[in-house]
Amino acid sequence: MATYAIGDIQGCYDSLQCLLEKVSFNPDLDKLWLVGDLINRGPDSLATLRYLYSIRHSVEFVLGNHDLHFLAVSFGLRKTGQNDTLSELLHAPDRQELIDWLMQGKLLHTDEALGYTMVHAGIPPMWSLRQAQAHAREVESTLQSRYCRDFLASMYGNQPNRWKNKLIGMDRLRIITNYFTRMRFCTEDGMLELDTKENMSAAPLGFAPWFSFTERKTFNEKIIFGHWAALEGQTNTPNIYALDTGCVWGGSLSAMRLEDAKLFSCDCIA
Ligand SMILES: [Mn+2]
């Protein structure tokens, strides 16, 4: 049995199947970890989600910004954008089952025995793993409560852009969600810059990649993340594993076997 962490699939179903064949994935024995952005922008969001749901007992996943966008659209709170490829999924007869499954998604998953933590975008430098877990649970429990619609309606926006323990209500949930699902660049005390999407050398003045701070409280944790295709899988940082290799942009889909950190990939099949 092995555990494979897979980068942002974004509806690239054929590439996912290629990768699973390459590692001889057996859903009865092996586990899949998915870093989020399971759907959208790519060609086959519905097939991807149906397949993952069919093997859900072998899957651990965290929600990405595209997954949350789909949930907001499915609740009628947002309109699809011109680059979205969600309409087949939105009109599928089994969409409610798939939505209900996504609503159970986490923002952070840790396996202490394996020694890895997975998030979609990152963990801000000033949070320990314990604090990050607690803050992730705040959003997860809201998504699974009767306030899920209010949350999805209020989660958009770039403010507040700085963490304070005393933040309450939707402001608090919004910045937690932005850290876990949208962050690339920040300051050491967690001020966010959410506009820049290029690689590390494009850091805006005063900002740096979230994982680059040597005083980061999770410095000794092994962290798997996606979201940042421009990194092309390179972080130059020990214990920090970037798995989004831009499949949906014509790159590749990557997997890491957690037991030995071996990497596998399949070129984009468009
Ligand atoms: Mn993303």
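## Pockets and helix packing in a predicted model

The lining of the largest pocket divides into 8 nonpolar, 10 polar and 9 charged residues (Ala, Val, Leu, Ile, Met, Phe, Trp, Tyr, Cys and Pro count as nonpolar, Asp, Glu, Lys and Arg as charged, and the others, Gly among them, as polar). The model is predicted, with local features needing pLDDT of at least 70 and side-chain atom pairs counting only at pLDDT 80 or more, while totals for chains, interfaces and linings use all residues. Residues are numbered from 1 along each chain as its sequence is written, and side-chain values use heavy atoms, leaving out hydrogens and water.

Of the 27 residues lining the largest pocket, Asn-65, His-66, Arg-184, Lys-197 and His-227 are the closest to its centre.

| Pocket | Volume | Largest share of the lining |
|---|---|---|
| Largest pocket | About 660 Å³ | Helix 3 (65-74), 4 residues |
| Second largest pocket | About 180 Å³ | Strand 10 (240-242), 3 residues |

The lining of the second largest pocket has 7 nonpolar, 4 polar and 1 charged residues.

Elsewhere, helix 1 (residues 13-22) and helix 2 (residues 45-54) pack at an angle of about 40 degrees, with their axes 8 Å apart. Helix 1 is therefore oblique to helix 2 (angles under 35 degrees count as roughly parallel, over 145 as roughly antiparallel, 65 to 115 as roughly perpendicular and the rest as oblique). The residues of this contact (heavy atoms within 4.5 Å) comprise 6 nonpolar, 2 polar and no charged.

Helix 2 is largely enclosed by the rest of the structure, because 7 of its 10 residues are buried (under 20% relative accessible area, with exposed over 50% and partly exposed in between, using a 1.4 Å probe and protein chains only).

Definitions and conventions:
Axes fitted to C-alpha atoms, helices over the stretch in contact; angles between N-to-C directions. Helix = DSSP H or I, 4+ residues; strand = E, 2+ residues; numbered from the N terminus. 1 Å grid on protein atoms, 1.4 Å probe; cavity = no way out; pocket = protein on both sides within 12 Å on 5 of 7 lines; lining within 4 Å. Points joined across faces, edges and corners; volume = space filled by probe spheres on them.
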